[in-house]
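Dear colleague,

I am passing on the structure below. My notes on it follow.

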Amino acid sequence: MTRMSGQVWVSLISLGGVALGGVLSYLVQHRTQQSAERAEQQRQRIAVSEARRAERLALLERFIEVSAEAERAAYSRPADHEHTDPWFVTTSDVMNRLWVAERLIRVQFPLSVHQAARAHFLDLNRTVWEGLPEGESVRDHLEANRLAFLDAARETMG
């Protein structure tokens, strides 16, 4: 009977070792899976963040490019123009694209950046369509709000 009881104890200890090994193996696998999931989520967050940054940079480039076209239109503004003049037709297209780009800035950026973009847009719009008083420089008139926009964009982009 002692021999049998020794075998039972050996079997129970062996079974306990197997159970303990199984539990430890499960815990290690569970921890490893959680760690892998967290790493994957972090990679996805980084990818989304990088894509968003690239999208914002493209939008900034678009706004700056179209505002430069509008500024060139302000420089070349004829004293008198008709709705059928080539300058007016081209400038209308540029100002429409600038208006759209300014609205997209509002969607993609914090309000401070949009406010600066809006102020720059309004300056350009007035300068293009109404002109400036004699002797006033287009560049000097637009400089303050242009720089404020660029500074706000740079601050936001980091």
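In which helix is Ala144 found? Ala144 belongs to helix α4; helices here are DSSP runs (H or I, at least four residues; strands are E, at least two), numbered from the N terminus. Ala144 is exposed, at a relative accessible area of 55%. Exposed means over 50%, buried under 20%, and partly exposed in between (1.4 Å probe, protein chains only). Along the chain Ala144 and Ala119 are 25 residues apart, and their C-alpha atoms are separated by 9.8 Å.

Two notes on conventions. The model is predicted, so local features need pLDDT of at least 70 and side-chain atom pairs count only at pLDDT 80 or more, while totals for chains, interfaces and linings use all residues. Residues are numbered from 1 along each chain as its sequence is written, and side-chain values use heavy atoms, with hydrogens and water left out.

Aromatic rings

The whole structure contains three aromatic pairs. Rings of Phe, Tyr and Trp (its six-membered ring) pair if their centres lie within 6.5 Å; planes under 30 degrees apart are stacked, over 60 edge-to-face, and the rest tilted. One of the pairs is Phe63 with Phe149, tilted, at 4.8 Å centre to centre and 55° between the planes. Phe63 is in helix α1 and Phe149 in helix α4 (residues 138-157), so this pair ties together parts that are 86 residues apart in sequence. Both partners are buried: Phe63 has a relative accessible area of 1% and Phe149 one of 2%.

Phe88 and Trp129 make another tilted pair, with 5.3 Å between centres and 55° between planes. It ties together parts 41 residues apart in sequence, because Phe88 lies in helix α2 (residues 86-108) and Trp129 in helix α3 (residues 111-130). Phe88 is buried at 15%, whereas Trp129 is partly exposed at 25%. Ring pairs also bring in Trp87, which forms a cluster with Phe88 and Trp129.

Arg56 sits over the face of Phe109, 4.8 Å from the ring centre; the rule asks for NZ of Lys or CZ of Arg within 6 Å of the ring centre and within 35 degrees of the ring normal.

Salt bridges

There are eleven salt bridges, each a side-chain nitrogen of Lys or Arg within 4 Å of a carboxyl oxygen of Asp or Glu. Among them is Arg97 with Glu69, at 2.7 Å from N to O. Arg97 is in helix α2 and Glu69 in helix α1, so the pair ties together parts 28 residues apart in sequence. Arg97 is partly exposed, at 30%.

Within helix α3, Asp123 and Arg126 are three residues apart, about one helical turn, and their closest N and O atoms are 3.0 Å apart in a salt bridge. Asp123 is buried at 6%; Arg126 is partly exposed at 40%.

In helix α4, Glu143 and Arg146 are likewise separated by three residues, about one helical turn. Their salt bridge has an N to O distance of 2.4 Å. Glu143 is partly exposed at 23%, and Arg146 is buried at 17%. Shared partners join Glu71, Arg139, Asp140, Glu143 and Arg146 into one salt-bridge network.

A buried serine

Ser67 lies in helix α1 and is buried, with a relative accessible area of 7%. Beyond its neighbours within four places in sequence, Ser67 is in contact (heavy atoms within 4.5 Å) with Leu98, His120 and Leu124.

Regards
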